Amino acid sequence: MFTARTGRALALHAVLLPLALIWLFPLWTMFVFATLPDDGIFGAGIELLPSTAFADNFANLQHDTDFIRAMSISIGVASVYTLISVALTSMAGWALARYRFVGRTAVIGIIFGTITLPYFVVVIPQFIMVARDFNMANSWFALIVPPLFNSLGVLFMRQSFTMLPEEVFDAARVEGIGEWRTFFHIALPMTRPTLAALSIILFLHSWNNYLWPLLVNSRPEMMTAPVALGSLIGLTKVSWGGIMVGAVVLTAPMLVLFVALQRHFIAGISAGAVK
Amino acid sequence: MSAIELKTVRKSFGVVDVINGVDLAIESGEFCVFVGPSGCGKSTLLRMIAGLEDVTGGDVFIEGRRVNAIEPGDRELAMVFQSYALYPHMTVERNMGFGLAMNGMAKADVEKRVAEAAAALQLQPLLKRKPSQLSGGQRQRVAIGRAIVRHPKAFLFDEPLSNLDAELRVQMRVEITKLHRQLGATMIYVTHDQVEAMTMADRIVVLRRGVIEQQGRPIDLYRDPDNAFVAGFIGSPKMNFFKGTMRPDGTIGLAETAFAPALSSRPGSDQQVTVGLRPEHFEIGAEAGVALTMEIDLIENLGGNSIWHGRLSSGEKLLVERRGYHDQGLGSSVPISFRPDDALIFGHDGRRLR
C-alpha cells in the first residue's frame with residue numbers, strides 16, 4: 001500500500017542513492033584501474049568494468065617498491081602508534097577529567113589551542129627538532145614517537161571520562177580500589193565505544209600519514225606504504241596500474257576495520273549526543 | 001564506645017557553609033536515619049563519614065579511631081548509592097566480589113562471601129547477568145550485596161530508594177529493615193522521605209541548614225518535637241499550624257474559640273504563638289473539647305481513610321484525617337474539635353513552649 005510514509009522514504013532514497021554513487025565512483029574507478037593494463041587506463045573513454053591485469057600490476061608494483069615490505073612496515077608502525085597513543089591519550093584524558101589541580105583549566109586550554117594549529121605549521125619545527133637537535137632521522141623512534149602527542153585524542157577521551165557517572169568512582173573509592181585499578185578495570189571498559197572510535201581514527205591517521213614519514217625517513221627499507229606509492233611518481237616510467245593496485249591494497253584494510261567496528265565507531269562518535 | 005562519632009564537624013565549599021558544627025554519636029548496631037529537606041547537608045555529612053568529602057573542621061571517629069585523614073577504602077565502611085553505582089561491564093557476581101578481589105582476598109573466600117550475600121538477598125539466579133539486564137530493584141539489591149560482602153563496620157545508604165517506583169520502594173524498605181535485624185550492623189541512612197525515616201529508624205536525626213534540629217526515636221520526634229520545623233517535617237499528612245494569641249487568663253485564642261493549653265509555664269499575654277495540631281487529632285463534632293468550624297474544600301478518599309482539606313473561620317487552611325470513606329458536600333461547614341492536650345504550642349521563634 002502506498003502511504004505518505006513510503007512516499008517520504010522513496011523521496012529520501014531518490015536523493016541518497018545518487019549521493020552514494022557519487023561517493024562510490026572514485027573508489028570504483030580505483031578498483032577498475034587497478035585491473036587495467038597501463039594502455040587501458042589512458043585509452044580513449046573511461047573504462048567502467050574491471051579487467052584482468054591486477055596480478056601483473058601488483059607484480060610491477062612489488063618490483064618497483066618492495067610493496068609487501070612497505071605494507072608490513074605501515075601495519076607495524078600504525079599498530080604500535082595506535083597502541084601507545086591510545087594509552088597516552090586515555091591516561092591524559094583521565095587525569096584532566098578526574099583530578100582537580102592548579103592550572104588544570106590552562107592545560108586544557110593549551111591542549112585545545114594546539115588543535116587549531118595546522119599540521120603543516122608543526123611539522124617543520126618538529127622535523128628540525130628530531131633531525132637536527134636530536135639527530136634521530138631515519139630511526140623507528142623518529143617515525144613513531146613525534147606524531148604520538150595527539151591533542152584531539154586527549155580531549156576526546158577527557159570528554160568521554162567526564163560523562164561517566166561520578167558515583168561509580170565513589171563506590172570504587174569506598175571499596176578501596178586504587179587509582180590505577182579504577183582506571184584500568186572500571187573507567188577504560190566503560191569507555192569502550194570511544195576507545196574503539198579513537199583507535200580507528202588514530203590508526204587511520206598513522207596509516208595515511210605521508211608527509212612525516214617522507215620527511216623523517218630516507219631509508220628504503222623503512223619506507224611506509226604511502227611513501228612507497230609516492231616514490232613511484234618520480235620514476236621515468238610511471239606504472240599507474242601499479243599505483244592503483246597499491247591504493248586498493250592500502251584502502252582495503254581500512255574498509256574491513258571500519259565495517260567490523262562500525263557499531264562501536266558510531267556509538268563512540270555520537271556518545272553523549274543523546275542522554 | 002560508639003561505632004561512629006562526629007565532634008563539631010564542619011564543612012564548607014568555598015564561602016558556603018554546608019555543615020555547621022554537628023555533634024553526633026551513633027551506637028553499634030543502630031539504624032540511624034538522617035532526614036531533612038534538599039540542601040540540608042545530610043548527604044554531605046554521610047559522604048564525610050565515608051571519606052568522600054574532606055572535613056573542614058572537627059573530627060570523625062570510627063570505633064574510636066580518628067579517620068579525618070584516612071582514605072575511604074581504609075575506613076572499612078560500605079556505601080550504597082542512589083544511582084546504584086554498579087560497574088556496568090561486570091556481572092552481578094563480579095560486581096559484588098570485585099572490591100574484595102582487588103584488595104587481595106583469595107578467590108575461594110571471595111566466592112564464599114558473594115554466595116552468602118547472594119543467598120541473603122535472593123540474587124542467586126541473577127549472578128551471571130549484567131546490571132543492564134536487571135530491574136531497578138534488582139540493581140539496588142546487587143548494590144546492597146556489594147556492601148554486605150565487605151563485612152563493613154557500618155553501612156552507609158545515600159537515598160538508596162529514590163530511583164525506585166512507589167511499590168518497589170515499600171518492598172525494599174522492608175527488606176533493608178529486615179537485613180538490619182538479620183545482620184545487626186550499624187547503618188546510617190540518608191533520605192528526604194520522612195516515611196522511610198519513621199518506618200526504618202531506631203533514631204532519626206533531623207537536619208536543616210547544616211545543623212541538627214533534633215534527634216531521637218521516631219515516635220518521640222513525632223509526639224514531642226522540639227520546634228515547628230521538626231513538627232512540620234515529621235508526619236504525613238503534615239501537621240497543621242494556626243496563629244494563636246496568649247490571653248491574660250492563660251488561654252490561647254484560636255479562630256473563633258479559645259482553649260487552655262497544657263503548658264507548665266505561662267508565656268506573657270498578648271504574645272503571638274503557633275498552635276500545631278496533627279490531622280488525626282481532629283474529630284468531627286464537638287466531643288473532643290475545643291470546638292471549631294471547618295469549611296470543606298476537598299476530600300481525598302484513599303479507601304481506608306480520607307484527607308479533608310478545608311479552612312477555619314479565620315481563613316487558615318487545615319487538613320483533617322479520618323478513618324473510612326466520606327463524601328460530605330464540598331463547601332459545607334462541619335463542626336470539628338480537638339483535645340487541648342494534643343495541641344503543641346510554638347513561640348514566635350518556632351521553639352516549642354512546654
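This is a predicted model: local features need pLDDT of at least 70, side-chain atom pairs count only at pLDDT 80 or more; totals for chains, interfaces and linings use all residues.

**Entry 1: the largest pocket**

I began with the largest pocket and got a volume of about 710 Å³. I then listed its lining and counted 26 residues. Nearest the centre I found Thr114(A), Phe149(A), Asn150(A), Ser151(A) and Leu152(A). Next I checked which elements give two or more residues to this lining, and they are α4 (67-98), α5 (104-115), α6 (119-133), α8 (151-162) and α11 (192-208), all of chain A. Which element gives the most? I found that α8(A) does, with five residues. I also sorted the lining by class and noted 19 nonpolar residues, seven polar ones and no charged ones.

**Entry 2: the second largest pocket**

I moved on to the second largest pocket, which has a volume of about 400 Å³. Its lining has 15 residues, and those nearest the centre are Arg98(A), Tyr99(A), Arg100(A), Glu166(A) and Arg173(A). The largest share comes from α9(A), with four residues. How does this lining divide by class? I noted seven nonpolar, one polar and seven charged residues. For contrast, I looked back at the lining of the largest pocket, where no residue is charged.

**Entry 3: the largest cavity**

How many cavities of 30 Å³ or more does the structure hold? I found two. The largest cavity has a volume of about 120 Å³. It is lined by 13 residues, and Val77(A), Leu143(A), Ser206(A), Asn209(A) and Pro213(A) are the closest to its centre. I traced at least two lining residues each to α4, α11 and α12 (211-216) of chain A. By class, I wrote down eight nonpolar and five polar residues, with no charged ones.

**Entry 4: the second largest cavity**

The second largest cavity has a volume of about 50 Å³. I looked up who lines it and found residues of chain A and chain B. From chain A come Ala171(A), Val174(A) and Glu175(A). From chain B come Ala78(B), Met79(B), Arg146(B), Ala147(B) and Arg150(B). The elements that give two or more residues here are α9 of chain A, and β6 (77-80) and α4 (136-148) of chain B. I counted the classes as five nonpolar, no polar and three charged.

**Entry 5: a patch on the surface**

I went to the surface next and found a nonpolar patch made of Phe25(A), Trp28(A), Phe31(A), Ile46(A), Leu48(A) and Leu49(A). Together these residues have about 620 Å² of accessible area. Why do I log Phe25(A) as partly exposed? Its relative accessibility is 41%, and the class runs between the 20% and 50% cut-offs.

**Entry 6: a covered helix in chain B**

My last stop was helix α1 (residues 42-50) of chain B, where eight of the nine residues are buried. I listed the buried ones as Lys42(B), Thr44(B), Leu45(B), Leu46(B), Arg47(B), Met48(B), Ile49(B) and Ala50(B). After this helix comes Gly51(B), and I noted its positive phi, near 95 degrees.

Notes:
Residues are numbered from 1 along each chain as its sequence is written. Chains are lettered from A and ligands numbered from 1 in the order in which they are written. Side-chain values use heavy atoms; hydrogens and water are left out. On a 1 Å grid over the protein atoms alone, a cavity is a set of points where a 1.4 Å probe fits but cannot get out, and a pocket is an open set with protein on both sides within 12 Å along at least five of seven lines; lining residues have an atom within 4 Å of a point. Grid points are joined across faces, edges and corners, and a volume is the space filled by probe spheres set on the points. Ala, Val, Leu, Ile, Met, Phe, Trp, Tyr, Cys and Pro count as nonpolar, Asp, Glu, Lys and Arg as charged, and the others, Gly among them, as polar. Patches are made of residues with over 30% relative accessible area and no salt bridge: like charges are joined within 9 Å, nonpolar side chains (Val, Leu, Ile, Met, Phe, Trp, Tyr) within 5 Å. Accessible areas come from the Shrake-Rupley method with a 1.4 Å probe; for residues, only the protein chains shown count as cover. A salt bridge is a side-chain nitrogen of Lys or Arg within 4 Å of a carboxyl oxygen of Asp or Glu. Buried means under 20% relative accessible area, exposed over 50%, partly exposed in between (1.4 Å probe, protein chains only).
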